[in-house]
Amino acid sequence: MSQEKNFIQRLISCLSLFKQPTHAWVIAVVCMVLVALCEPMVPALLQPLLDKGFQQNSFSVWLVPFALIGLFGIRGLGMFVGQVAIAKVTQNGLLQLRVQMFNRLQDATLSLFRQQNASALGNTLVFEVQIGALTLVNAMIGAVRDSLTLISLIAYLLYLNWKLSLIVALLIPSVAWLMKVLSRRLYMLVRSSQQATDNLSYAVEETALAHREIRLHDAQALQTQRFRNLGLAMSRLALKTTVANAGITPLTQLFSAVALSAVISVALLQSQDSHMSVGGFAAFVTGMLMLVNPIKHLSEVAGPITRGVAAIERALELINHTPVETSGHFHCEKAKGHLHFQHISVQYQPDHPYALKEIELEIKPGETVALVGSSGSGKTSLANLLPRFVEWTQGDVTLDGVSIRDWDLRDLRRQFAMVSQTVVVMNDSLAANVALGKEPDRDRVVECLLAANLGDYLQTLPDHIDTLVGHNASTLSGGQRQRLAIARAMYKNTPILILDEATSALDNESERMVQDALQKLQKGRTTLVIAHRLSTIENADRIVVLDAGRIIESGTHQSLMNIDGVYASMFRLGSSGNLQAS
Ligand SMILES: Nc1ncnc2c1ncn2[C@@H]1O[C@H](COP(=O)(O)OP(=O)(O)O)[C@@H](O)[C@H]1O
Ligand SMILES: [Mg+2]
(Lines give C-alpha, C1' and ligand atoms only; values in the text may rest on other atoms or scores of the structure.)
(Ligands and ions follow the chains in the order given, each with its own letter.)
Protein backbone atom coordinates (compact mmCIF):
# COMPACT_ATOMS: atom_id res chain seq x y z
CA MET A 1 0.00 0.00 0.00
CA SER A 2 1.40 3.39 -0.89
CA GLN A 3 1.29 5.89 1.92
CA GLU A 4 1.62 8.76 -0.59
CA LYS A 5 -1.84 8.20 -1.98
CA ASN A 6 -4.24 10.32 -0.02
CA PHE A 7 -7.11 8.86 1.86
CA ILE A 8 -9.78 9.86 -0.66
CA GLN A 9 -7.97 8.05 -3.48
CA ARG A 10 -7.59 4.96 -1.34
CA LEU A 11 -11.23 5.14 -0.35
CA ILE A 12 -12.25 5.33 -4.01
CA SER A 13 -10.13 2.34 -4.96
CA CYS A 14 -11.71 0.35 -2.12
CA LEU A 15 -15.20 1.39 -3.12
CA SER A 16 -14.59 0.55 -6.77
CA LEU A 17 -14.76 -3.12 -5.73
CA PHE A 18 -18.44 -2.68 -5.04
CA LYS A 19 -19.73 -1.63 -8.46
CA GLN A 20 -21.86 -4.61 -9.41
CA PRO A 21 -24.69 -5.42 -10.00
CA THR A 22 -25.77 -2.21 -11.68
CA HIS A 23 -29.51 -2.70 -11.20
CA ALA A 24 -29.04 -2.98 -7.44
CA TRP A 25 -27.14 0.30 -7.49
CA VAL A 26 -29.88 2.04 -9.47
CA ILE A 27 -32.51 0.85 -7.01
CA ALA A 28 -30.37 1.88 -4.06
CA VAL A 29 -29.75 5.38 -5.41
CA VAL A 30 -33.43 5.94 -6.25
CA CYS A 31 -34.39 4.84 -2.74
CA MET A 32 -31.80 7.06 -1.12
CA VAL A 33 -32.91 10.14 -3.02
CA LEU A 34 -36.51 9.36 -2.17
CA VAL A 35 -35.72 9.04 1.52
CA ALA A 36 -33.72 12.27 1.49
CA LEU A 37 -36.54 14.17 -0.21
CA CYS A 38 -38.94 12.99 2.47
CA GLU A 39 -36.91 14.70 5.20
CA PRO A 40 -37.82 18.37 4.60
CA MET A 41 -41.43 17.30 4.12
CA VAL A 42 -41.95 17.16 7.88
CA PRO A 43 -41.18 20.85 8.53
CA ALA A 44 -42.83 21.73 5.22
CA LEU A 45 -46.06 20.10 6.44
CA LEU A 46 -45.69 21.81 9.78
CA GLN A 47 -45.88 25.30 8.30
CA PRO A 48 -49.41 25.09 6.78
CA LEU A 49 -50.56 23.10 9.80
CA LEU A 50 -49.54 25.84 12.20
CA ASP A 51 -50.49 28.76 9.96
CA LYS A 52 -53.83 27.43 8.79
CA GLY A 53 -54.68 24.35 10.85
CA PHE A 54 -55.79 26.30 13.87
CA GLN A 55 -58.07 28.57 11.86
CA GLN A 56 -61.49 27.10 11.39
CA ASN A 57 -62.64 25.42 8.17
CA SER A 58 -59.59 26.30 6.12
CA PHE A 59 -58.17 22.83 6.41
CA SER A 60 -59.67 19.35 6.46
CA VAL A 61 -58.49 17.51 9.57
CA TRP A 62 -58.28 14.08 7.96
CA LEU A 63 -55.48 15.36 5.73
CA VAL A 64 -53.04 15.34 8.66
CA PRO A 65 -52.91 11.58 9.38
CA PHE A 66 -53.12 10.87 5.65
CA ALA A 67 -50.08 13.02 4.89
CA LEU A 68 -48.10 11.79 7.88
CA ILE A 69 -48.71 8.07 7.34
CA GLY A 70 -48.14 8.46 3.62
CA LEU A 71 -44.89 10.30 4.20
CA PHE A 72 -43.49 7.79 6.65
CA GLY A 73 -44.77 4.90 4.57
CA ILE A 74 -42.84 6.06 1.51
CA ARG A 75 -39.76 6.87 3.57
CA GLY A 76 -39.84 3.47 5.29
CA LEU A 77 -40.29 1.58 2.04
CA GLY A 78 -37.40 3.50 0.50
CA MET A 79 -35.15 2.66 3.44
CA PHE A 80 -36.09 -1.02 3.35
CA VAL A 81 -35.64 -1.58 -0.38
CA GLY A 82 -32.48 0.53 -0.40
CA GLN A 83 -30.93 -1.50 2.38
CA VAL A 84 -31.60 -4.80 0.64
CA ALA A 85 -30.18 -3.48 -2.63
CA ILE A 86 -27.02 -2.32 -0.87
CA ALA A 87 -26.63 -5.67 0.89
CA LYS A 88 -26.71 -7.31 -2.53
CA VAL A 89 -23.96 -5.02 -3.81
CA THR A 90 -21.84 -5.58 -0.69
CA GLN A 91 -22.11 -9.36 -0.75
CA ASN A 92 -21.33 -9.45 -4.44
CA GLY A 93 -18.15 -7.41 -4.00
CA LEU A 94 -17.19 -9.39 -0.92
CA LEU A 95 -17.45 -12.73 -2.68
CA GLN A 96 -15.36 -11.52 -5.61
CA LEU A 97 -12.71 -10.15 -3.29
CA ARG A 98 -12.56 -13.41 -1.38
CA VAL A 99 -12.26 -15.51 -4.50
CA GLN A 100 -9.51 -13.24 -5.84
CA MET A 101 -7.61 -13.60 -2.58
CA PHE A 102 -8.04 -17.35 -2.55
CA ASN A 103 -6.77 -17.55 -6.11
CA ARG A 104 -3.73 -15.55 -5.10
CA LEU A 105 -3.04 -18.06 -2.32
CA GLN A 106 -2.93 -20.73 -4.99
CA ASP A 107 -0.51 -19.03 -7.36
CA ALA A 108 1.62 -17.04 -4.92
CA THR A 109 5.31 -17.85 -4.53
CA LEU A 110 5.81 -20.16 -1.60
CA SER A 111 7.50 -17.39 0.39
CA LEU A 112 4.00 -16.13 1.23
CA PHE A 113 3.51 -19.11 3.52
CA ARG A 114 6.80 -18.47 5.27
CA GLN A 115 5.84 -14.84 5.90
CA GLN A 116 2.23 -15.37 6.94
CA ASN A 117 0.85 -18.19 9.02
CA ALA A 118 -2.44 -19.92 8.38
CA SER A 119 -4.37 -17.94 10.96
CA ALA A 120 -3.22 -14.59 9.58
CA LEU A 121 -4.31 -15.65 6.11
CA GLY A 122 -7.56 -17.02 7.51
CA ASN A 123 -8.16 -13.75 9.31
CA THR A 124 -7.68 -11.75 6.13
CA LEU A 125 -9.85 -13.96 3.95
CA VAL A 126 -12.61 -14.74 6.40
CA PHE A 127 -12.98 -11.96 8.95
CA GLU A 128 -11.16 -8.85 7.82
CA VAL A 129 -12.82 -8.58 4.40
CA GLN A 130 -16.20 -9.38 5.86
CA ILE A 131 -15.98 -6.69 8.50
CA GLY A 132 -14.28 -4.36 6.05
CA ALA A 133 -16.88 -4.70 3.31
CA LEU A 134 -19.84 -4.39 5.66
CA THR A 135 -18.55 -1.43 7.64
CA LEU A 136 -17.21 0.40 4.63
CA VAL A 137 -20.27 0.06 2.43
CA ASN A 138 -22.73 0.71 5.25
CA ALA A 139 -20.79 3.71 6.46
CA MET A 140 -20.48 5.10 2.95
CA ILE A 141 -24.17 4.58 2.25
CA GLY A 142 -24.99 6.20 5.57
CA ALA A 143 -22.73 9.10 4.68
CA VAL A 144 -24.32 9.56 1.28
CA ARG A 145 -27.82 9.31 2.71
CA ASP A 146 -27.05 11.78 5.46
CA SER A 147 -25.39 14.14 2.99
CA LEU A 148 -28.47 13.99 0.77
CA THR A 149 -30.70 14.62 3.76
CA LEU A 150 -28.46 17.48 4.78
CA ILE A 151 -28.52 18.97 1.30
CA SER A 152 -32.28 18.74 0.96
CA LEU A 153 -32.82 20.20 4.43
CA ILE A 154 -30.36 23.02 3.79
CA ALA A 155 -32.00 23.71 0.44
CA TYR A 156 -35.32 23.96 2.20
CA LEU A 157 -33.88 26.26 4.86
CA LEU A 158 -32.28 28.47 2.19
CA TYR A 159 -35.64 28.68 0.50
CA LEU A 160 -37.23 29.70 3.79
CA ASN A 161 -34.56 32.16 4.90
CA TRP A 162 -31.17 32.27 3.18
CA LYS A 163 -29.44 34.62 5.63
CA LEU A 164 -30.03 32.32 8.57
CA SER A 165 -28.94 29.34 6.55
CA LEU A 166 -25.48 30.82 5.97
CA ILE A 167 -24.75 30.49 9.67
CA VAL A 168 -25.65 26.82 9.52
CA ALA A 169 -23.35 26.33 6.53
CA LEU A 170 -20.36 27.35 8.67
CA LEU A 171 -20.75 24.08 10.55
CA ILE A 172 -19.68 21.92 7.66
CA PRO A 173 -15.99 22.87 7.18
CA SER A 174 -15.31 22.72 10.91
CA VAL A 175 -16.73 19.23 11.19
CA ALA A 176 -14.78 18.14 8.11
CA TRP A 177 -11.51 19.35 9.63
CA LEU A 178 -12.19 17.49 12.86
CA MET A 179 -12.93 14.28 11.01
CA LYS A 180 -9.72 14.49 9.02
CA VAL A 181 -7.52 14.83 12.09
CA LEU A 182 -9.16 12.04 14.02
CA SER A 183 -9.47 9.59 11.14
CA ARG A 184 -5.71 9.65 10.56
CA ARG A 185 -5.12 8.50 14.10
CA LEU A 186 -7.88 5.91 13.81
CA TYR A 187 -6.26 4.43 10.71
CA MET A 188 -2.97 3.81 12.50
CA LEU A 189 -4.81 2.20 15.39
CA VAL A 190 -6.80 -0.06 13.10
CA ARG A 191 -3.64 -1.32 11.36
CA SER A 192 -2.09 -2.18 14.72
CA SER A 193 -5.28 -3.94 15.79
CA GLN A 194 -5.18 -6.16 12.70
CA GLN A 195 -1.68 -7.32 13.64
CA ALA A 196 -2.81 -7.90 17.22
CA THR A 197 -5.77 -9.99 16.00
CA ASP A 198 -3.42 -12.12 13.88
CA ASN A 199 -1.17 -12.74 16.85
CA LEU A 200 -4.10 -13.68 19.03
CA SER A 201 -5.53 -16.15 16.52
CA TYR A 202 -2.09 -17.63 15.95
CA ALA A 203 -1.84 -18.34 19.66
CA VAL A 204 -5.09 -20.30 19.34
CA GLU A 205 -3.90 -22.12 16.22
CA GLU A 206 -0.66 -23.06 17.94
CA THR A 207 -2.48 -24.42 20.95
CA ALA A 208 -4.69 -26.53 18.70
CA LEU A 209 -1.72 -27.82 16.71
CA ALA A 210 0.46 -28.57 19.70
CA HIS A 211 -2.19 -29.62 22.21
CA ARG A 212 -0.36 -32.82 23.12
CA GLU A 213 3.05 -31.21 23.50
CA ILE A 214 1.62 -28.41 25.64
CA ARG A 215 0.00 -30.88 28.01
CA LEU A 216 3.01 -33.16 28.12
CA HIS A 217 5.39 -30.32 28.93
CA ASP A 218 2.95 -28.76 31.36
CA ALA A 219 3.11 -25.55 29.36
CA GLN A 220 -0.55 -24.56 29.83
CA ALA A 221 0.14 -21.77 32.30
CA LEU A 222 2.80 -20.27 30.08
CA GLN A 223 0.58 -20.49 26.98
CA THR A 224 -2.27 -18.86 28.89
CA GLN A 225 0.05 -16.12 30.03
CA ARG A 226 1.12 -15.51 26.41
CA PHE A 227 -2.48 -15.49 25.29
CA ARG A 228 -3.39 -13.06 28.05
CA ASN A 229 -0.61 -10.69 27.08
CA LEU A 230 -1.66 -10.75 23.44
CA GLY A 231 -5.27 -10.21 24.47
CA LEU A 232 -4.19 -7.34 26.68
CA ALA A 233 -2.37 -5.69 23.79
CA MET A 234 -5.58 -5.96 21.80
CA SER A 235 -7.73 -4.43 24.54
CA ARG A 236 -5.30 -1.51 24.87
CA LEU A 237 -5.62 -0.80 21.17
CA ALA A 238 -9.41 -1.10 21.38
CA LEU A 239 -9.43 1.43 24.22
CA LYS A 240 -7.27 3.86 22.27
CA THR A 241 -9.61 3.47 19.31
CA THR A 242 -12.60 4.19 21.51
CA VAL A 243 -10.92 7.31 22.86
CA ALA A 244 -10.30 8.59 19.33
CA ASN A 245 -13.79 7.61 18.20
CA ALA A 246 -15.68 8.87 21.22
CA GLY A 247 -14.09 12.30 20.96
CA ILE A 248 -15.64 13.00 17.60
CA THR A 249 -19.31 13.08 18.60
CA PRO A 250 -19.21 15.46 21.58
CA LEU A 251 -16.93 17.85 19.69
CA THR A 252 -19.24 17.91 16.68
CA GLN A 253 -22.24 18.40 18.87
CA LEU A 254 -20.53 21.30 20.53
CA PHE A 255 -19.99 22.88 17.12
CA SER A 256 -23.65 22.25 16.32
CA ALA A 257 -24.78 23.83 19.58
CA VAL A 258 -22.80 26.98 18.81
CA ALA A 259 -24.39 27.23 15.38
CA LEU A 260 -27.84 26.47 16.71
CA SER A 261 -27.75 29.10 19.39
CA ALA A 262 -26.50 31.66 16.88
CA VAL A 263 -29.33 30.81 14.49
CA ILE A 264 -32.05 30.92 17.10
CA SER A 265 -30.86 34.26 18.49
CA VAL A 266 -30.58 35.81 15.05
CA ALA A 267 -33.93 34.33 13.98
CA LEU A 268 -35.66 35.72 17.06
CA LEU A 269 -34.13 39.15 16.52
CA GLN A 270 -35.01 39.03 12.85
CA SER A 271 -38.59 37.89 13.37
CA GLN A 272 -39.38 41.07 15.30
CA ASP A 273 -38.89 43.28 12.28
CA SER A 274 -39.54 40.79 9.44
CA HIS A 275 -42.78 39.25 8.37
CA MET A 276 -41.93 35.67 9.20
CA SER A 277 -45.08 33.80 10.20
CA VAL A 278 -45.25 31.59 13.28
CA GLY A 279 -45.56 28.57 11.00
CA GLY A 280 -42.57 29.71 8.96
CA PHE A 281 -40.44 30.16 12.06
CA ALA A 282 -41.50 26.78 13.49
CA ALA A 283 -40.72 25.12 10.17
CA PHE A 284 -37.28 26.74 10.08
CA VAL A 285 -36.35 25.70 13.63
CA THR A 286 -37.69 22.20 13.09
CA GLY A 287 -35.75 21.88 9.86
CA MET A 288 -32.64 23.15 11.60
CA LEU A 289 -33.02 20.76 14.51
CA MET A 290 -33.42 17.96 12.00
CA LEU A 291 -29.98 18.89 10.71
CA VAL A 292 -28.39 17.75 13.95
CA ASN A 293 -28.97 14.05 13.33
CA PRO A 294 -27.34 13.78 9.90
CA ILE A 295 -24.48 16.01 11.05
CA LYS A 296 -23.98 13.80 14.06
CA HIS A 297 -24.00 10.68 11.87
CA LEU A 298 -21.60 12.25 9.42
CA SER A 299 -19.24 13.14 12.21
CA GLU A 300 -19.24 9.53 13.38
CA VAL A 301 -18.70 8.07 9.97
CA ALA A 302 -14.93 8.58 9.98
CA GLY A 303 -14.39 5.62 12.35
CA PRO A 304 -16.15 2.90 10.34
CA ILE A 305 -14.90 4.21 7.01
CA THR A 306 -11.32 4.16 8.25
CA ARG A 307 -11.80 0.71 9.71
CA GLY A 308 -13.33 -0.53 6.46
CA VAL A 309 -10.62 0.95 4.24
CA ALA A 310 -7.87 -0.55 6.39
CA ALA A 311 -9.49 -3.98 6.18
CA ILE A 312 -10.12 -3.87 2.44
CA GLU A 313 -6.59 -2.59 1.84
CA ARG A 314 -5.21 -5.58 3.68
CA ALA A 315 -7.06 -7.76 1.20
CA LEU A 316 -5.93 -5.67 -1.76
CA GLU A 317 -2.34 -5.85 -0.54
CA LEU A 318 -2.53 -9.61 -0.53
CA ILE A 319 -3.93 -9.60 -4.06
CA ASN A 320 -1.70 -6.93 -5.57
CA HIS A 321 1.56 -7.21 -3.68
CA THR A 322 2.08 -10.93 -3.34
CA PRO A 323 4.59 -12.14 -5.91
CA VAL A 324 3.21 -14.80 -8.20
CA GLU A 325 5.04 -17.95 -9.27
CA THR A 326 6.61 -17.57 -12.68
CA SER A 327 6.04 -20.18 -15.32
CA GLY A 328 7.95 -21.04 -18.50
CA HIS A 329 6.43 -21.98 -21.83
CA PHE A 330 7.83 -25.44 -22.47
CA HIS A 331 4.96 -27.90 -22.66
CA CYS A 332 5.28 -31.64 -22.30
CA GLU A 333 2.69 -34.25 -21.36
CA LYS A 334 5.07 -36.84 -19.95
CA ALA A 335 8.80 -36.37 -19.38
CA LYS A 336 11.35 -39.11 -19.91
CA GLY A 337 12.76 -38.31 -16.50
CA HIS A 338 16.30 -37.20 -17.24
CA LEU A 339 17.36 -34.86 -14.44
CA HIS A 340 20.48 -32.75 -14.31
CA PHE A 341 21.50 -30.47 -11.44
CA GLN A 342 24.15 -28.21 -12.99
CA HIS A 343 26.40 -26.57 -10.39
CA ILE A 344 23.39 -25.66 -8.31
CA SER A 345 23.70 -23.35 -5.32
CA VAL A 346 20.87 -22.45 -2.97
CA GLN A 347 20.88 -19.73 -0.38
CA TYR A 348 17.60 -19.14 1.45
CA GLN A 349 18.44 -15.67 2.62
CA PRO A 350 21.26 -13.30 1.82
CA ASP A 351 24.01 -13.53 4.48
CA HIS A 352 22.89 -17.06 5.37
CA PRO A 353 25.20 -19.99 4.69
CA TYR A 354 24.52 -21.85 1.45
CA ALA A 355 22.05 -24.72 1.91
CA LEU A 356 23.44 -26.25 -1.30
CA LYS A 357 26.76 -25.35 -2.90
CA GLU A 358 27.84 -26.20 -6.44
CA ILE A 359 25.91 -29.44 -6.70
CA GLU A 360 26.60 -31.35 -9.92
CA LEU A 361 24.39 -34.40 -10.27
CA GLU A 362 22.87 -36.18 -13.23
CA ILE A 363 20.11 -38.76 -12.94
CA LYS A 364 19.27 -40.90 -15.97
CA PRO A 365 15.70 -41.97 -16.76
CA GLY A 366 14.73 -44.94 -14.62
CA GLU A 367 17.69 -44.58 -12.28
CA THR A 368 17.28 -44.65 -8.52
CA VAL A 369 19.55 -42.22 -6.69
CA ALA A 370 19.68 -42.10 -2.92
CA LEU A 371 20.65 -38.99 -1.02
CA VAL A 372 22.17 -39.46 2.41
CA GLY A 373 23.72 -37.06 4.84
CA SER A 374 23.25 -35.71 8.31
CA SER A 375 20.26 -33.59 9.18
CA GLY A 376 20.58 -30.10 7.68
CA SER A 377 22.97 -31.23 4.95
CA GLY A 378 20.56 -30.06 2.24
CA LYS A 379 18.77 -33.24 1.10
CA THR A 380 15.26 -31.81 1.30
CA SER A 381 16.39 -28.58 -0.33
CA LEU A 382 17.77 -30.54 -3.27
CA ALA A 383 14.56 -32.53 -3.67
CA ASN A 384 12.39 -29.41 -3.33
CA LEU A 385 14.25 -27.75 -6.21
CA LEU A 386 12.60 -30.11 -8.67
CA PRO A 387 8.93 -29.03 -8.38
CA ARG A 388 10.30 -25.48 -7.88
CA PHE A 389 9.36 -25.28 -4.22
CA VAL A 390 12.80 -23.81 -3.69
CA GLU A 391 14.49 -21.31 -6.02
CA TRP A 392 18.21 -21.58 -6.71
CA THR A 393 20.74 -18.81 -6.61
CA GLN A 394 23.24 -20.11 -9.17
CA GLY A 395 23.41 -22.89 -11.72
CA ASP A 396 20.51 -24.62 -13.42
CA VAL A 397 18.34 -27.69 -13.10
CA THR A 398 17.16 -29.38 -16.29
CA LEU A 399 14.52 -32.00 -16.91
CA ASP A 400 14.89 -33.76 -20.27
CA GLY A 401 17.45 -31.10 -21.20
CA VAL A 402 15.14 -28.12 -20.59
CA SER A 403 15.73 -25.82 -17.64
CA ILE A 404 12.86 -26.37 -15.22
CA ARG A 405 12.42 -22.58 -15.15
CA ASP A 406 11.49 -22.84 -18.84
CA TRP A 407 8.96 -25.59 -18.20
CA ASP A 408 5.32 -24.68 -17.94
CA LEU A 409 4.81 -24.87 -14.19
CA ARG A 410 1.75 -27.10 -14.31
CA ASP A 411 3.36 -29.45 -16.79
CA LEU A 412 6.53 -29.57 -14.69
CA ARG A 413 4.71 -30.44 -11.49
CA ARG A 414 2.73 -33.11 -13.30
CA GLN A 415 6.01 -35.04 -13.68
CA PHE A 416 6.62 -35.53 -9.94
CA ALA A 417 5.06 -37.48 -7.15
CA MET A 418 6.33 -36.83 -3.66
CA VAL A 419 6.09 -38.89 -0.53
CA SER A 420 7.58 -37.22 2.50
CA GLN A 421 7.68 -37.59 6.23
CA THR A 422 4.61 -35.48 6.88
CA VAL A 423 1.52 -36.34 4.89
CA VAL A 424 -1.16 -33.72 4.61
CA VAL A 425 -4.64 -35.14 4.19
CA MET A 426 -7.54 -33.04 2.92
CA ASN A 427 -10.84 -32.87 4.77
CA ASP A 428 -12.55 -34.92 2.07
CA SER A 429 -13.32 -38.52 1.12
CA LEU A 430 -10.60 -41.15 0.84
CA ALA A 431 -11.13 -41.32 -2.91
CA ALA A 432 -10.75 -37.56 -3.29
CA ASN A 433 -7.57 -37.75 -1.23
CA VAL A 434 -6.05 -40.41 -3.44
CA ALA A 435 -7.03 -38.69 -6.67
CA LEU A 436 -6.15 -35.28 -5.20
CA GLY A 437 -7.15 -32.54 -7.62
CA LYS A 438 -8.71 -34.89 -10.16
CA GLU A 439 -12.15 -36.42 -10.51
CA PRO A 440 -11.57 -39.86 -8.90
CA ASP A 441 -11.59 -42.89 -11.18
CA ARG A 442 -13.06 -45.29 -8.63
CA ASP A 443 -11.52 -48.50 -9.93
CA ARG A 444 -8.08 -47.01 -10.11
CA VAL A 445 -8.43 -45.53 -6.62
CA VAL A 446 -9.17 -48.97 -5.20
CA GLU A 447 -6.35 -50.48 -7.24
CA CYS A 448 -3.87 -47.94 -5.87
CA LEU A 449 -5.09 -48.37 -2.29
CA LEU A 450 -4.65 -52.12 -2.59
CA ALA A 451 -1.19 -51.74 -4.12
CA ALA A 452 -0.28 -49.41 -1.27
CA ASN A 453 -1.18 -52.18 1.22
CA LEU A 454 -4.25 -50.34 2.47
CA GLY A 455 -6.62 -53.22 1.66
CA ASP A 456 -7.14 -54.15 5.32
CA TYR A 457 -7.80 -50.56 6.25
CA LEU A 458 -10.29 -50.24 3.41
CA GLN A 459 -12.27 -53.17 4.87
CA THR A 460 -12.81 -51.29 8.13
CA LEU A 461 -14.30 -48.20 6.49
CA PRO A 462 -18.09 -47.73 6.68
CA ASP A 463 -18.43 -46.02 3.31
CA HIS A 464 -15.53 -47.71 1.55
CA ILE A 465 -13.57 -45.15 -0.50
CA ASP A 466 -16.26 -42.51 0.06
CA THR A 467 -15.54 -42.34 3.77
CA LEU A 468 -14.58 -38.88 4.94
CA VAL A 469 -11.09 -39.04 6.36
CA GLY A 470 -11.69 -35.86 8.32
CA HIS A 471 -9.61 -32.97 9.52
CA ASN A 472 -6.07 -33.89 8.51
CA ALA A 473 -6.98 -37.54 9.11
CA SER A 474 -6.06 -37.65 12.79
CA THR A 475 -7.68 -41.09 12.96
CA LEU A 476 -5.04 -42.59 10.65
CA SER A 477 -1.88 -44.14 12.04
CA GLY A 478 1.49 -42.90 10.82
CA GLY A 479 1.93 -45.95 8.59
CA GLN A 480 -1.57 -45.61 7.14
CA ARG A 481 -0.99 -41.99 6.29
CA GLN A 482 2.27 -42.89 4.64
CA ARG A 483 0.60 -45.59 2.57
CA LEU A 484 -2.16 -43.13 1.67
CA ALA A 485 0.56 -40.83 0.33
CA ILE A 486 1.98 -43.77 -1.64
CA ALA A 487 -1.45 -44.58 -3.07
CA ARG A 488 -1.70 -40.92 -4.04
CA ALA A 489 1.68 -41.11 -5.79
CA MET A 490 0.66 -44.31 -7.56
CA TYR A 491 -2.55 -42.73 -8.74
CA LYS A 492 -0.66 -39.72 -10.07
CA ASN A 493 1.56 -42.15 -12.00
CA THR A 494 4.44 -39.80 -12.72
CA PRO A 495 7.75 -40.50 -14.44
CA ILE A 496 9.70 -39.14 -11.47
CA LEU A 497 9.32 -40.00 -7.83
CA ILE A 498 10.70 -38.16 -4.82
CA LEU A 499 10.77 -39.97 -1.49
CA ASP A 500 11.87 -37.72 1.35
CA GLU A 501 12.34 -39.79 4.50
CA ALA A 502 9.06 -41.49 3.69
CA THR A 503 9.57 -44.19 6.29
CA SER A 504 11.65 -42.54 8.98
CA ALA A 505 8.74 -41.87 11.33
CA LEU A 506 7.49 -45.43 11.24
CA ASP A 507 7.94 -48.46 13.44
CA ASN A 508 9.40 -51.64 11.93
CA GLU A 509 6.09 -53.37 11.25
CA SER A 510 4.50 -50.51 9.35
CA GLU A 511 7.82 -49.71 7.71
CA ARG A 512 7.83 -53.17 6.15
CA MET A 513 4.36 -52.59 4.69
CA VAL A 514 5.31 -49.13 3.48
CA GLN A 515 8.61 -50.33 2.08
CA ASP A 516 6.86 -53.04 0.18
CA ALA A 517 4.40 -50.53 -1.26
CA LEU A 518 7.24 -48.18 -2.12
CA GLN A 519 9.04 -50.85 -4.06
CA LYS A 520 5.98 -51.38 -6.25
CA LEU A 521 5.71 -47.62 -6.70
CA GLN A 522 9.35 -47.15 -7.72
CA LYS A 523 9.21 -49.66 -10.54
CA GLY A 524 10.07 -48.01 -13.87
CA ARG A 525 10.37 -44.48 -12.49
CA THR A 526 13.28 -42.13 -12.02
CA THR A 527 13.55 -42.00 -8.25
CA LEU A 528 15.25 -39.64 -5.85
CA VAL A 529 15.13 -41.23 -2.44
CA ILE A 530 16.18 -39.68 0.83
CA ALA A 531 16.38 -42.18 3.63
CA HIS A 532 17.26 -42.07 7.22
CA ARG A 533 17.73 -45.80 7.64
CA LEU A 534 20.51 -46.73 5.27
CA SER A 535 19.47 -50.36 5.04
CA THR A 536 16.57 -49.25 2.87
CA ILE A 537 18.73 -47.76 0.12
CA GLU A 538 21.40 -50.38 -0.30
CA ASN A 539 19.94 -51.37 -3.65
CA ALA A 540 19.91 -47.88 -5.13
CA ASP A 541 21.77 -47.49 -8.43
CA ARG A 542 23.79 -44.72 -6.90
CA ILE A 543 24.23 -43.25 -3.46
CA VAL A 544 25.17 -39.58 -3.06
CA VAL A 545 26.48 -38.37 0.28
CA LEU A 546 25.82 -34.74 1.14
CA ASP A 547 27.56 -32.77 3.82
CA ALA A 548 26.85 -29.10 4.52
CA GLY A 549 25.35 -28.62 1.07
CA ARG A 550 28.16 -30.32 -0.89
CA ILE A 551 28.50 -33.77 -2.45
CA ILE A 552 31.35 -35.52 -0.67
CA GLU A 553 30.96 -39.09 -1.90
CA SER A 554 29.06 -40.80 -4.66
CA GLY A 555 28.84 -44.35 -6.00
CA THR A 556 27.13 -47.68 -5.49
CA HIS A 557 26.75 -49.13 -2.03
CA GLN A 558 29.55 -51.57 -2.69
CA SER A 559 31.99 -49.01 -4.09
CA LEU A 560 31.34 -46.64 -1.19
CA MET A 561 31.84 -49.42 1.32
CA ASN A 562 35.10 -50.25 -0.44
CA ILE A 563 36.55 -46.76 -0.11
CA ASP A 564 35.56 -46.90 3.58
CA GLY A 565 34.73 -43.20 3.89
CA VAL A 566 31.86 -41.27 5.46
CA TYR A 567 29.16 -43.50 3.98
CA ALA A 568 30.82 -46.66 5.26
CA SER A 569 31.01 -45.32 8.79
CA MET A 570 27.40 -44.12 8.60
CA PHE A 571 26.29 -47.48 7.34
CA ARG A 572 27.96 -49.29 10.21
CA LEU A 573 26.00 -47.05 12.59
CA GLY A 574 22.83 -47.85 10.67
CA SER A 575 21.57 -44.37 10.01
CA SER A 576 22.62 -41.07 8.52
CA GLY A 577 21.35 -39.13 11.51
CA ASN A 578 24.08 -40.47 13.78
CA LEU A 579 26.94 -39.18 11.69
CA GLN A 580 27.65 -36.24 13.92
CA ALA A 581 27.67 -38.44 16.99
CA SER A 582 30.26 -40.73 15.49
N1 LIG B 1 12.74 -22.34 4.20
C2 LIG B 1 13.98 -22.22 4.67
N3 LIG B 1 14.44 -21.01 5.00
C4 LIG B 1 15.70 -20.86 5.48
N5 LIG B 1 16.56 -21.85 5.65
C6 LIG B 1 16.16 -23.10 5.35
C7 LIG B 1 14.84 -23.36 4.84
N8 LIG B 1 14.72 -24.68 4.61
C9 LIG B 1 15.91 -25.23 4.97
N10 LIG B 1 16.77 -24.30 5.41
C11 LIG B 1 18.16 -24.52 5.83
O12 LIG B 1 18.83 -25.16 4.78
C13 LIG B 1 19.70 -26.18 5.27
C14 LIG B 1 19.37 -27.51 4.62
O15 LIG B 1 18.10 -27.93 5.06
P16 LIG B 1 17.39 -29.24 4.50
O17 LIG B 1 17.48 -29.21 3.03
O18 LIG B 1 16.04 -29.31 5.09
O19 LIG B 1 18.32 -30.38 5.08
P20 LIG B 1 18.02 -31.92 5.27
O21 LIG B 1 16.79 -32.28 4.53
O22 LIG B 1 19.24 -32.56 4.74
O23 LIG B 1 17.89 -32.15 6.74
C24 LIG B 1 19.54 -26.19 6.78
O25 LIG B 1 20.61 -25.47 7.33
C26 LIG B 1 18.23 -25.48 7.01
O27 LIG B 1 18.29 -24.76 8.21
MG1 LIG C 1 14.99 -33.13 5.23
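In the hairpin formed by S4 and S5, where 2 residues lie between the strands, Asp 400 adopts a positive phi near 55 degrees; strands here are DSSP runs of E with at least two residues, helices are runs of H or I with at least four, and both are numbered from the N terminus. The model is predicted, with local features requiring pLDDT of at least 70 and side-chain atom pairs counted only at pLDDT 80 or more, whereas totals for chains, interfaces and linings use all residues. Residues are numbered from 1 along each chain as its sequence is written, and chains are lettered from A and ligands numbered from 1 in the order in which they are written.

Strand S4 pairs with strand S5 (residues 402-403) in the antiparallel sense through 2 bridges, pairing being assigned if DSSP finds at least two bridges between two strands, and Leu 399 has Val 402 in S5 as its bridge partner. Strand S4 (residues 394-399) is also joined to strand S1 (residues 339-346), again antiparallel, by 5 bridges; Ser 345 stands opposite Gln 394 in S4, and Gln 342 stands opposite Asp 396 in S4. The order S2-S1-S4-S5 describes an open sheet of 4 strands with antiparallel pairing, in which strand S2 (356-363) and S5 are the edge strands, each pairing on one side only.

Ligand 1 is surrounded by residues that include Arg 114, Tyr 348, Ala 355, Gly 373 and Lys 379, a residue being near a molecule if its C-beta atom, placed from the backbone, lies within 6 Å of it. Helix H13 (residues 379-385) provides the largest share of this shell, 3 residues. The shell comprises 2 nonpolar, 7 polar and 2 charged residues, where Ala, Val, Leu, Ile, Met, Phe, Trp, Tyr, Cys and Pro count as nonpolar, Asp, Glu, Lys and Arg as charged, and the others, Gly among them, as polar.
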